[in-house]
Amino acid sequence: MTDSATATAARLDAAFADAGVTGWLHAVDIDSGAQVGVRADQPVCTASVHKLCVLVTLHELAAAGALDLTEQVECPPDGRTPGPTGLAAMLDPVRLSLRDTAFLMMSVSDNTAADLLLRRVGLDAVNRTAARLGLTRTRAVHGFGEMLGTMREDAGPDGARALADPHVISRLRALDPARTNRSTPRDMTRLLGAVWRDEAAGPPEYGAAMRRIMGLQVWPHRLASGFPFDDVHVAGKTGSLPTLRNEVGVVEYPDGGRYAVAVFTRTAHTAAVLPAADAVIGTAARIAVDALRAP
């Protein structure tokens, strides 16, 4: 490791420590391949970040002619995967296209939309796509409703109230990379690079569609918070579970620089609202991108 890389890693670790989290990060210049990271190859729980893998699989199948993105899906009120956004929070029957379902899955992290798409493409297809793209440490173990179901089982009869207890948190399968959907920061930046270089899903129009959807994510408090500039564009996907806050995405500068960044964090605090833990994702991403852009 060079002196510069060592200094960057130290700055990243200091930022994570100041925010009270353990952090895992990888950042890469999409065009030159220059990279920085801390614990970039350690397995992490992806939570809703894994919806990016579903998005890529959907577009890969569309490019292969296995499905049509304008195909309509029905979503009755009963049996929806729980969640605070999108279809998961709606009360009435809904009919929409696969591509609009993908928009909800990515822009507001809609769990119901994600499971609708998973039922259409299949978990095995998601894992085949990851393998084809060389994501050797990325694995989808279950859908999002099933993942939430394991949390209910592991929490026991006290339900959501039990998630304030660190002892309960320690037994959640959803927080164990060996037993839930998982990846590494380096695998995630590899996937982002493939999407931005139009290598992930056939003809360029499919890459453009995925980039558009990722650019419409509504959450500004994590990755995007590190780049508060009108001429810098951030497209990403968050992921959250008790004690976990993640985001992966691409930062694009007006001079053409493109940087894939994956930041995963965990804290010992069980509070649902921890602004410092959210903000350090943007802080760490900025440190990493600044290092990649340094002359």
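This is a predicted model: local features need pLDDT of at least 70, side-chain atom pairs count only at pLDDT 80 or more; totals for chains, interfaces and linings use all residues.
Local features need pLDDT of at least 70, side-chain atom pairs count only at pLDDT 80 or more, and totals for chains, interfaces and linings use all residues. Residues are numbered from 1 along each chain as its sequence is written, and side-chain values use heavy atoms, with hydrogens and water left out.

Start with the sheet. Five strands make an open, antiparallel sheet in the order S2-S1-S9-S8-S7. Helices (H or I, at least four residues) and strands (E, at least two) are DSSP runs, numbered from the N terminus. Two strands pair if DSSP finds at least two bridges between them. S2 and S7 stand at the edges with a single partner strand each, so one side of each has no neighbour in the sheet. On average, neighbouring strands of this sheet are turned by 10° against each other, direction ignored.

Now take the pairings. S1 spans residues 22–29. Seven of its eight residues are buried (under 20% relative accessible area; exposed is over 50%, partly exposed in between; 1.4 Å probe, protein chains only). S1 and S9 pair in the antiparallel sense over eight bridges, and aspartate 29 stands opposite tyrosine 259 in S9. S1 also pairs with S2 (residues 35–38), antiparallel, over four bridges. There, valine 28 stands opposite glutamine 35. The S1–S2 hairpin has five residues between the strands, and its glycine 33 takes a positive phi near 85°. S7 and S8 are antiparallel too, with nine bridges. Glycine 236 stands opposite glycine 249 in S8.

A helix covers part of this. H10 (residues 275–293) packs on the sheet and touches S1, S2, S8 and S9. Contact means heavy atoms within 4.5 Å. The direction of H10 makes about 145° with that of S9. Such axes are lines fitted to C-alpha atoms, for helices over the stretch in contact, and angles run from 0 to 180 degrees between N-to-C directions.

Next, the cores. A nonpolar core is a set of buried Ala, Val, Leu, Ile, Met, Phe, Trp, Tyr and Cys residues joined through side-chain atoms within 4.5 Å. The largest has 70 residues, and Leu52 and Leu55 have the most contacts inside it. Helix H2 (residues 51–63) gives the most to this core: seven residues. Leucine 55 touches Ala102, Met105, Met106, Met210, Ile213 and Met214, leaving out residues up to four places away in sequence. A second, separate core of 29 residues includes Ala27, Val38, Val251 and Val289.

Last, the rings. Rings of Phe, Tyr and Trp (its six-membered ring) pair if their centres lie within 6.5 Å; planes under 30 degrees apart count as stacked, over 60 as edge-to-face and the rest as tilted. The count is two aromatic pairs. Phenylalanine 227 and tyrosine 253 have ring centres 6.5 Å apart and planes at 90°, so they are edge-to-face. Phenylalanine 227 lies in the loop between H9 (204–214) and S7 (233–241), and tyrosine 253 in the loop between S8 (244–252) and S9 (258–266), so the pair ties together parts 26 residues apart in sequence. Both residues are buried. Tyrosine 253 also pairs edge-to-face with tyrosine 259, at 6.0 Å centre to centre and 85° between the planes.

The charged end of arginine 293 sits over the ring of tyrosine 253, 3.8 Å from its centre. The rule is NZ of Lys or CZ of Arg within 6 Å of the ring centre and within 35 degrees of the ring normal. Lysine 51 does likewise over phenylalanine 144, its charged end 5.1 Å from the ring centre.
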